[in-house]
Amino acid sequence: MLYLSRFGGVFIFLSFIFSIYSYFFDSKLKIISVVFIWFASLILFFTIKSKKLILTLLFFTTIAFLYSYFNNFYIDIEKSFSVNLYLLTLLISVGFLKLITAPKKDKEELPRGKISFIKTYLGIHLFGSIINLSALLLVADKMYKKSKLSPLQIIVLTRSFASDAYWSPFFVAFAAALTYAPNLNAFSIISFGTVIAFIAFFITYLEVIKSKFDLDSFYGYPFSLQTLYLPLILAFFVLITHYLYEDFKIILLISSFAFLLTIFILPIKKGLKNSLKILKFHIIDELPKMKSEISLFLVAGLFGIMAGSVLLGLNFNLPFEVFDYKVAAVTLLIFIILAFVGIHPIISISILGDFFVGANHTLLAMTFLMAWATTVSTSPISGLNLTMSARYSCNPKEIFKLNIFYAIKMYIVCVILLFFMSKFLEI
């Protein structure tokens, strides 16, 4: 089984390489990338512990396919298997980034109290925006070694990490938004998203200092902000290249530069020989650990296209003509409710994404990101909270109670920001 898993890692890496190469040099080779990622998913599928959601999606995908086939509805087979390929390409590239961006271990104890709270929140948020879940696990592991996570620590971990989805171009949510709203204005998204993330921190801070939590005894994690130079370099390369070549997809630029920076900086930090060992270990031992995400996103994309084929065949149309802030607010609410009852945002986005072709992609993408960020910290079945439950023995109901009123406040904030964005975009 170990050899099988390692083969899966090699196929994931080959899919990543062919995905980038085919986009910039030879589009005909994209099919090879698609075959490799699906083959890797098939190999690793049997090692996934919790398959219920994926199997459920496959069942309904089969039903939708058969219904479309026997009714002669159009089915885009190529798109069905490749729609989330670039999303996964970004996810894989972020995995490489963590090899060079993990915060340095600091022997100095972080002061307790407000300063500790602020530094830990911002540290998880900033590093999580680049290396995603790895940043949260790094901090949570350190906290959990001392004692069971306190309610205040759970709040910091879940909210600081989830709010990355509002703005971070290195977050999987951003990749999903780019997949279904490719013509978005990245600068507008990041600007508005950063404002929302700041408000999220401000709301959390006010809640904490006015609540029963013992902030003075809070201890967090000693981040070193010196490592922020790397995210800034990455952002600089991406923005400059996108400015010079506007037609290039941002999602592929981020993926490419993330990998190239890793290849360039890792030997400087670790030496050439050690770097090769680290890369080898990452490819054959770490990449296979992405099996759940890879399977979910591939099957969700497949299900989305099949469900879309049925809806198109039945002449389904959205009940509005202009996608303004009012429609965006209702759409956001629907996505949040669906997430709370067990439907992952990637599934909702995959099903409805293609029906918003006439919408302003910037407003649409912002709606997607808001749905992702608002639900991920609260929904008991989100990947984040399932990880918190399984790895740190947190009660999903406790996480829900700690964050539900925060989610309601953030929904109101999001609606207000959607209004201002709609006016800014002259919609």
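# Exercises on a predicted model

Phe236 lies in helix 11 (residues 229-244). Helices here are DSSP runs of H or I with at least four residues, numbered from the N terminus. The model is predicted: local features need pLDDT of at least 70, side-chain atom pairs count only at pLDDT 80 or more, and totals for chains, interfaces and linings use all residues. Residues are numbered from 1 along each chain as its sequence is written, and side-chain values use heavy atoms, with hydrogens and water left out.

**Exercise 1.** Find the residues that make a nonpolar surface patch of about 750 Å².

*Solution.* Start at Phe236. Ile233, Phe237, Ile240, Tyr243, Leu244 and Tyr245 make the patch together with Phe236. A patch takes residues with over 30% relative accessible area and no salt bridge; nonpolar side chains (Val, Leu, Ile, Met, Phe, Trp, Tyr) are joined within 5 Å, like charges within 9 Å. Areas come from the Shrake-Rupley method with a 1.4 Å probe, and for residues only the protein chains shown count as cover.

**Exercise 2.** Describe the salt bridge between Arg6 and Asp285.

*Solution.* First, the rule: a side-chain nitrogen of Lys or Arg lies within 4 Å of a carboxyl oxygen of Asp or Glu. Next, the distance: Arg6 and Asp285 meet at 3.5 Å, N to O. Then the location: Arg6 is in helix 1 (residues 2-24) and Asp285 in helix 13 (residues 272-286), 279 residues apart. Last, the burial: under 20% relative accessible area is buried, over 50% exposed, and in between partly exposed (1.4 Å probe, protein chains only). Arg6, at 29%, is therefore partly exposed. Asp285, at 18%, is buried.

**Exercise 3.** Trace the network of salt bridges that links Arg159, Glu207 and Lys409.

*Solution.* Take Glu207 and Arg159 first: their side chains meet at 2.8 Å, N to O. Glu207 lies in helix 10 (residues 186-209) and Arg159 in helix 8 (residues 151-162), so the pair ties together parts 48 residues apart in sequence. Arg159 is buried, at 1%. Now take Glu207 and Lys409: this salt bridge spans 2.9 Å, N to O. Lys409 sits in helix 19 (residues 396-424), 202 residues from Glu207. Lys409 is partly exposed, at 37%. A search of the whole structure finds four salt bridges.

Key:
Helix = DSSP H or I, 4+ residues; strand = E, 2+ residues; numbered from the N terminus.
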